[in-house]
Amino acid sequence: MKRTTAKEVSDRLASQIERVCQYLLPNGKQVQSEWCVGSPAGEAGDSMKVHTSGDKAGVWADFAGDLSGDALDLWAACKNVSLPEAMAEAKRWLGISEPVPPRKKYDKPKLTGVTRLDLNGKVASYLREERQLSPETLAKFKVSEDGAQKGYYMPSFHPNGELARFKWVALRRENGKKVMNSSINSAPILYGWQAIPRNTRTILICEGEIDAMTWSQLGVPALSVPNGAKNLQWLDEDWDALEPYDEVFISFDMDDVGESVVKDVANRIGLHRAKIVRLPRKDANEWHVKDSPTEAEVMAVLAGATVISPIQFLEQTKLIEEAWDAMTNPNRDGMRTRLFEDKLVFRPGETTVVTGYPGHGKSTLLFGIMVEAATKGHKVVIASMEMPVTQQLIIMAKQFYSRCDITKEQLATFIEWTVGRIYCLDVYGMVSVEDVIGLMEYGAKRFGCRFAVIDSIMKLNINSEDFEGQRLVTNKLTCFAKENKMHLFLVAHPRKGMTENEKLGMLDVKGAQDIIAQPDNVLVVHRNKRREKMASMGRIGEGSQGAIICDKQRVTGHIFEIETEFHAGAAQFTQEGEDPVDYSTRTDME
């Protein structure tokens, strides 16, 4: 399901702008092709005009003030709310319904011992003289200090004005290092929403609170990441708030850490609106203090911001080291699992097809891999059109605790643990591939999901005899995985008429050959049901208890078969003779 962009919301408001004006500005009146009113406050008059027809429908200006914009800006101005709040309200008014993901609960911070910033005190002197921040900038960002004048507070507010967190920074360093602390268990949101003007659709994200204030003083609406460049939790919390902005500049410190994450941030925000700023100094405040850039120089830096193109012509000679590393260490970026060890590593950007007879555990295997991935810190998204979310959670809870007799409290603890880690989509039955990809992309960009499951391809609203349609769908899915650097698991069913006592191969997958030709890996899940039935009668059967066959692996070319054992109580597959894993006791869990 594709997310509605700010432009699309504005366009939909503009398409019915007369109705919008009657709702927002009922004291206005129609004069030819314009709705006339006194101001965004709504009093009668003609100082503010809104175009109601033609190509300019929705465009408006307050000639007695300095506000103007499109239909979404009109909503923000008339309602006197932030742009993120305006977008949320306008969506509800337009009847636009979109998925609401589970949100982690954070504590509301309590500021004690805080006093107004004394402009003649040593805290303000430091900020004004050494950082060259003006009193107006400090007031705009609501900087305060402690009563002892040992340091200063920088509060972070949600776009609606509610206090979300704060950071205290000491004036004096200890052993050359900054001394600071933040409110405990507070929402990791961007710093500076309180200073963002309502009539801007351009915003800049930088790496430090002082830099955000510096950019703002230089005339650029700016926000700062809360906990350093590498911590991207703010993307989850501020995703909705960032949606209305058409242009997002990213200005991280000009050092190795900043450079290492800027591309990931751009990908998450969206390459269509992200622009990378390169500064002549390490950060904005250093540039401001040492060079005193003019307005023209600031605008020149922004004008020179670069974009990251999803498709580029490369200077291939620069890829020698990367190619050598990929050849000698093909598993460097992938996730290893206890079941496959180094035989098969799940790499970003690849697609793995999983097939097998009905009831042999295709979905259960993948749920187990997702639980293991989540315990290792990866975020995953599951679209199972063949099983309700409740049943998915029950299976994964059993895998998590390695037992079937879990208590209600244990189930609740597991489900709470999945928040922010495992996203089960509420899709069931036949679903369009566009909707599934849209939801998966939302998970990749907003939450940073790196593993995804689609169960199964035949639930993607494709006729089982439409081989061309299956080819196109498989192409869309594999391209999606590569573009979003996710590992995508795709369940495919076998052809009918097979006997479940014989092991399948990838050529037994039902449908177009592209279902196995385009993906990178093909796995076959097989349980020895004959032996399991004999064991239930107290008899010993022949052969291994089961097997998982890797019938295709594009990167290494290594195909293999491992003998497996299915532990029904724990809902886990292991190598034969091994015990299931109790993930609830794993030390690598958060």
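The model is predicted: local features need pLDDT of at least 70, side-chain atom pairs count only at pLDDT 80 or more, and totals for chains, interfaces and linings use all residues. Residues are numbered from 1 along each chain as its sequence is written, and side-chain values use heavy atoms, leaving out hydrogens and water. Helices (H or I, at least four residues) and strands (E, at least two) are DSSP runs numbered from the N terminus.

**Strand 11 and its partners**

- Strand 11 (residues 202-206) is largely enclosed by the rest of the structure, because four of its five residues are buried (under 20% relative accessible area, 1.4 Å probe, protein chains only).
- Strand 11 pairs with strand 13 (residues 247-251) in the parallel sense over five bridges; pairing requires at least two DSSP bridges.
- Within this pairing, isoleucine 203 stands opposite valine 248 of strand 13.
- Strand 12 (residues 222-224) also pairs with strand 11 in the parallel sense, over three bridges.
- Alanine 222 in strand 12 is the bridge partner of leucine 204.

**Helix 7**

- The axes of helix 7 (residues 209-217) and helix 11 (residues 284-291) come within 8 Å and cross at roughly 55 degrees; axes are lines fitted to C-alpha atoms over the stretch in contact, with angles from 0 to 180 degrees between N-to-C directions.
- The contact (heavy atoms within 4.5 Å) is made by Ile210, Asp211, Thr214, Trp215 and Gln217 of helix 7 with Ala284, Asn285, Trp287 and His288 of helix 11.

Notes. Buried means under 20% relative accessible area, exposed over 50%, partly exposed in between (1.4 Å probe, protein chains only).
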